[in-house]
Amino acid sequence: MHHNRLIAKRLFLSILLSAVFSIGNGLLAQDGKALFQANCASCHNPVKALTGPALKGVTERVPDSKLLHSWIRNNQAVLASGNKYFNDLYASYNKTAMNLFTTLTDPEIDAILKYVNDYKEPVQAGPTPGAPAQEGDNSLLYGILTLILAVIMLTLVQVNSNLKKLSDDKEGIPAMEPIPFYRNKVYITFVILILFVVGGFYVVEGAIGLGRTKNYQPEQPIYYSHKVHAGTNQISCLYCHGGAWESKHAAVPSLNVCMNCHAAINEYKGEKLFRENGEEVNGTAEIQKLYAHAGYDPKMGKYTSAGTPVEWTKIHNLPDHVYFSHAQHIRAGKVQCQTCHGPIQEMNEVKQFADLSMGWCINCHRNSKVNFPDSAGNNGNKFYSIYEKFHKDLQPGDSITVEKIGGTECQKCHY
Amino acid sequence: MSDKKYWQTFGEHSNSEAFQEAAANEFREDLPVEGLDSTGLLDAKTPRRDFLKYLGFSTAAAALAASCEIPVKKVIPYVNKPENTIPGVADYYATTFQSGGDLVSVVAKVRDGRPIKLEGNELSSITKGGTSARVQASVLDLYDTARLRHPKQSDGNSFQEVTSLEAFDQLAATALGSLGGAPLVILTGTITSPTTKEIISQFLAKYPGSRHVQYDADSYSGMLLANEAAYGKKAIPSYQFDKAKVIVSLGADFLGTWLSPIEFARQYAAGRRVTDKNAEMSRHYQFESLLSVTGGNADKRFTLRPSETGPLALALLAELGGPVSAPALDGRLKSAVQLAAKDLSAAKGSALVVCGSNNPHVQLIVNAINEAIGANGTTINWAAPVLWRQGLDAEMSSLVADMDGGKVGALLVYGANPAYDYYDADKFRAAIKKVKTTISFNDRLDETTELCKYILPAPHFLESWGDAEPKTGYFSFMQPTIAPLFKTRSFEDSLLKWSGATDTYEAYFKAYWTAKLGGIDGYEKALQDGVVEPAAPSTGGAPFSSAKVSEAAAAIGSMKKGGAYELALYQKVSMGTGKQANNPWLLELPDPITKATWDNYAVVSPKYARDNWHIDLGDRRQADKFEVHPDRQVVSVKVGGKEITLPALVVPGVHDEVIGIAVGYGRQSANKDNTADYIGKAVVGAGRNAFPLATFNGLTVEWSAPEATCETTKEFYQVAQTQTHSNYEGRTEAVKELTLEDFKKSPDEILNEREEELKPYGGLKSFTEQGTLYGVYDKPGIHWGMSVDMNSCVGCGACVVACHAENNVSVVGKKEVLRYHDMHWLRIDRYFSGNLQEADSIQTVFQPMLCQHCDNAPCENVCPVSATNHSSEGLNQMAYNRCIGTRYCANNCPFKVRRFNWADYTGADSFPDNQNGIISDATMMMNDELPRMVLNPDVTVRSRGVMEKCSFCVQRLQEGKLKAKKADRPLKDMEDVRTACQQACPTEAIVFGNANDKESRIRQTRLENEGRLFYALEELHVLPNVNYLAKIRNTDVIQGKAGEKKEETAEKKA
């Protein structure tokens, strides 16, 4: 008995331990991916050489983990120490300096390296077959149903009137001269009423929608694919649109930001790109357009002229009397870019996702919670501490909405 | 006689019929509906059919317009983004305001490459972050449409463009090379820049016999000479008004225009900051001929003729025991002198006397007075002399004589405009024609430049490198905040080039300061800070020599006595000497005293009006004759053969026998028709030039003339005054005032008064709840509040212009001001009290009036479309796009702070016919592309038919809150959020912040000053978020409280 208990205990412990380890591993790998994307992805890919070399197998190439760690933290020091491998590498990448990551801890670096070594290139699958048809769009079905019902109703009405006529004949009530339906006042009134309601609905709808440009998808001077950059290559939005962190404008990046990576990436080898009209796009040729604007000669690897700015077509336009700040939403409000811009990482050519109407803004302000500290460990933004009492009084245990602290007042956006 | 104790206009004073009628009409005129003649809407022909036609047409037009394609907008990023620039985030660069000799350290706000606002540099120990109206407005000068866009040369009749700077250099080299030994003169305003001075002397070294003449339009030669005689230094000391318990000013407008008004206003306010616990303040005597801003703030004010300044100074010195005998003065002034002398000698060592006269003899006597009261070394600091006025009138006079005699081969003019502002400009104009080579570096074709042969415009200070030394040992730096807009080159660069140096001025400047400041780090820190100052400021006196005192006394004794009328020239706070004349913000800034815009005029006393026009302004009916119409009697003022005609304005508190005229107006090209193109569109028709009326006494130019005649002509001229409209309809005064003694005796007087008044509505404590039918709401989170200390506010108007710049407030032009359409969000109400026949009795109070952001706002309730409503932060919000222009809100606002866009002042409508013929040229100028660069991109530009008003700078509040959020911390008081008016104020009269924050300065201010705190028109229960702190006067009687009795007796006497 005792023996059995011991076995059970050991078994339990080992199961527990292995469970803990596997969870731990999972966490580590998870962290590795996040860390990689936050710190490394703008210059490195595990399997492709970008601004920096492909990283998969780096632990085999540099077996000395201590050296590798110190290289990642402070590559300048390693270069200065005269390490041959790294100096050669440095030279082969046009002496492009690598950023310093002095704050990364050993476990964090290990996590990144683990993620890199375990990385498998995602299978390039076409659109998933049998994906559910567009959800929620049942209007056609409803339309057909309505039409069928209307026909049935019309038939029944006709049948009813025929029956009435028959019974009237039987009872000897003189029949009235039959009126064709197109002169029937009831019908005419009915049709006019329907036309008025439907017409009115579309007129009002149209009037409200004047100047709104949902689904606006202009052709841009350079075929720049957010899908390739933010989707496939997982570059953080803020790497290019850094303004969103600091300023009211997210800002289109200047060409020197593009050239950070494209000085090294001069051809496109990913999956085929198509315009909306089905025309195929030569990615490499588009990169050449960038070089032309930046004044960069890829053959010489040098900037040969001052360059000219790219005149992009602006897609998201707010009226002039609206003061919208990206920093407020991204940084203080912790709103995801996709909330307003849609699945940008899946768009080859950017399309306006939301209608950017005032009603749309207000709805979000009514539903969004203020970024207070919560029990889930979110520290919140300390600015809102002045509303703490208000917050606790109003809805204990829950957060209050932006509207409750004045988020729908005129002068929050119009001044 | 009415029971009005404080009044803004003569009509209000006498409660005349026209005034009553005007008070009942919120808007003087109906909406301009075209094509209706005077018949009115109902009597018009076929109004219904027309209405339907218009309706149909506009619907069709709107449908057509709407179906047009939405314009495609481009977004163009940098090719190479400068490292620290983020589009949409403002950068701030420290630099230095420079105009005439005036120097103010400022910080320029640069948004996406354009400087759009100037703030004071708080690191400067001179101005400590204060600014003036002129400093605030100078950012607009950068975008002045009249600035020269390229170098020019004259062929005698017209000006041709010189296509390149190199070509100009060649022209200059040829011209300067053929002087044949004749001396070259560089004529500038006062230059304090160490590098510029060095460059000038290097350049002059190449031309033997040449010299540099500094010339100031507002000359301080008198002081410079007197100080040389008394202290052996041709310099001006620093004054320390904060250390003075008794201040006596003999005609020096030191809070408005004299020497260093920003610095002095700050010191003055510091010496007069009263709290409930600390009720001590300085006492200020003002002796002056006209009513100045400084006089308006004085505790005791006495009027005198300009010619009496010298004798009065002598009498004061004699009274203080000086070695002179007192001349005869009339009894009133005699007792005033005794009073002042008593206070001065009681406060020995902490007293100060300043004098605005430019007569060296008078200034020498003032020096002796200051010596007698122990000011030298205490309130007068010789350790850091002021350097920004160095011009000597005698030097200028001999230069003009030399030019006239053909003794000058070449004249290089930079920053000086003697053809306009020299007392004998005619002579200068004749003399400059005899100079062979003339080169001007001025920024436009001004009166002097158009007489020059070669013109190479220098860039604006916001486009330049440079340095300045406002006081010895105190340096202030300039750096470009924008690339030069036009083909200009700095004066220094040109001189360097022409003296054969290969360095640019930028390199020269960098090398000079890098060496001086011990390396590149020091240089960069200096540029970042904008100032370099001594670590420990020192105070000290200078040895005084009384050798020349008796000589000066004798000279004063033999001065000419005045005739029937005397002339006094003065500077307006807004315009100064006219260096920034083409600045619509300044032209539209109401004068602090007269509230007149766009013009200068002859200031006369009420007695003058009675004697010459037979109008008694104290009389109910007669006041209307003067006041109802803006047409002012034109007078012709003659001084020694020179004459100017201009309208006359009656101002209480002006000496009965003095005519005052402001300089700085009446800019005009030689050919009148060129003025708009050469000097600027806004100056056309703006006043008359009064500089020719100044007199030269052989040593200095004096801004007064003992004998002047002033004849009434038959003509009338319209002067656009604000504040003759929008009044409080006879409601209790919105200002409160106490004497220092009363305040010390019963600090709760105002508190008790308020309690008494509100008693029927629950008293002070429960007035909020019981005074209303409406519910009372919680105010969680932020509650914005503002406190305005009327004891600190000097009425200078810096806040008004700052508000213009920050909030894109439009300039409406003179014609529209005449129709009461001015747009100032913030105005400074000026109240008079006292007996208007007795100039010495007039007391003036300034009250900045802006939207009070009432928590129970009357405007909000009457808006039919809810375009104005209340925010949870206590703001009275205005949503322009909702406003349909009913103007009910303005009608219902008890403070009259709402402003309606009667016309399309900003060009926002895109229909040019909404502007043609309605908008003045000056306003149209503001719509040009260039001046529009000054617009703040964070504030909507309002269009026609929309109501607007103070928003508490909501764009700054939003930005400040975001700054705190980004830093993940609560709002920092006084740091994250400041309104434009608060930041511009040189005296810190305005405090703003979150009143819910217990630590905030606004909360503290309200707690510490309970005794002085009041709300304007509190009894209306509008619950303003702006409070005022009562004015305390260190005197015996408050005229506004003395009641009508005294006035009546005085009237009988008169």
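Two strands are taken to pair if DSSP finds at least two bridges between them. Helices (H or I, at least four residues) and strands (E, at least two) are DSSP runs, numbered from the N terminus. The structure is a predicted model: local features need pLDDT of at least 70, side-chain atom pairs count only at pLDDT 80 or more, and totals for chains, interfaces and linings use all residues. Residues are numbered from 1 along each chain as its sequence is written, and chains are lettered from A and ligands numbered from 1 in the order in which they are written.

In chain B, strand β7 (residues 184-188) runs parallel to β8(B), and four bridges join the two. B:Leu187 has B:Val213 of β8(B) as its bridge partner. Both strands belong to an open sheet of seven strands with mixed pairing, ordered β6-β5-β17-β16-β15-β7-β8 (chain B). Its edges are β6 (159-161) and β8 (211-214) of chain B, each of which pairs on one side only.

An automatic or database domain assignment supplies the domain bounds. Chain B is divided into domain 1 (10-15 + 726-1040), domain 2 (152-214 + 391-471 + 474-532), domain 3 (236-384) and domain 4 (561-721). The centres of domain 2 and domain 3 of chain B, taken over C-alpha atoms, are 38 Å apart.

Helix α17 (residues 505-516) and helix α18 (residues 520-529) of chain B were examined as a pair. Their axes come within 7 Å and cross at roughly 110°. This makes α17(B) roughly perpendicular to α18(B). Axes are lines fitted to C-alpha atoms, for helices over the stretch in contact, and angles run from 0 to 180 degrees between N-to-C directions. Angles under 35 degrees count as roughly parallel, over 145 as roughly antiparallel, 65 to 115 as roughly perpendicular and the rest as oblique. From α17(B), B:Lys510, B:Trp513 and B:Thr514 make the contact; from α18(B), B:Ile520, B:Tyr523 and B:Ala526 do. Residues are in contact if their C-beta atoms, placed from the backbone, lie within 7 Å. The residues of this contact divide into four nonpolar, one polar and one charged. Here Ala, Val, Leu, Ile, Met, Phe, Trp, Tyr, Cys and Pro count as nonpolar, Asp, Glu, Lys and Arg as charged, and the others, Gly among them, as polar.

Between the chains, 43 residues of chain B are in contact with 45 residues of chain A. On the chain B side, β1 (74-75) and α33 (954-966) each supply at least two residues. The most come from α33(B), with seven residues. The chain B side comprises 22 nonpolar, eleven polar and ten charged residues. Strand β5 (residues 312-313) of chain A runs antiparallel to β1(B), joined by two bridges. A:Trp312 has B:Val75 as its bridge partner in β1(B).

Definitions and conventions: Contact = placed C-beta atoms within 7 Å.
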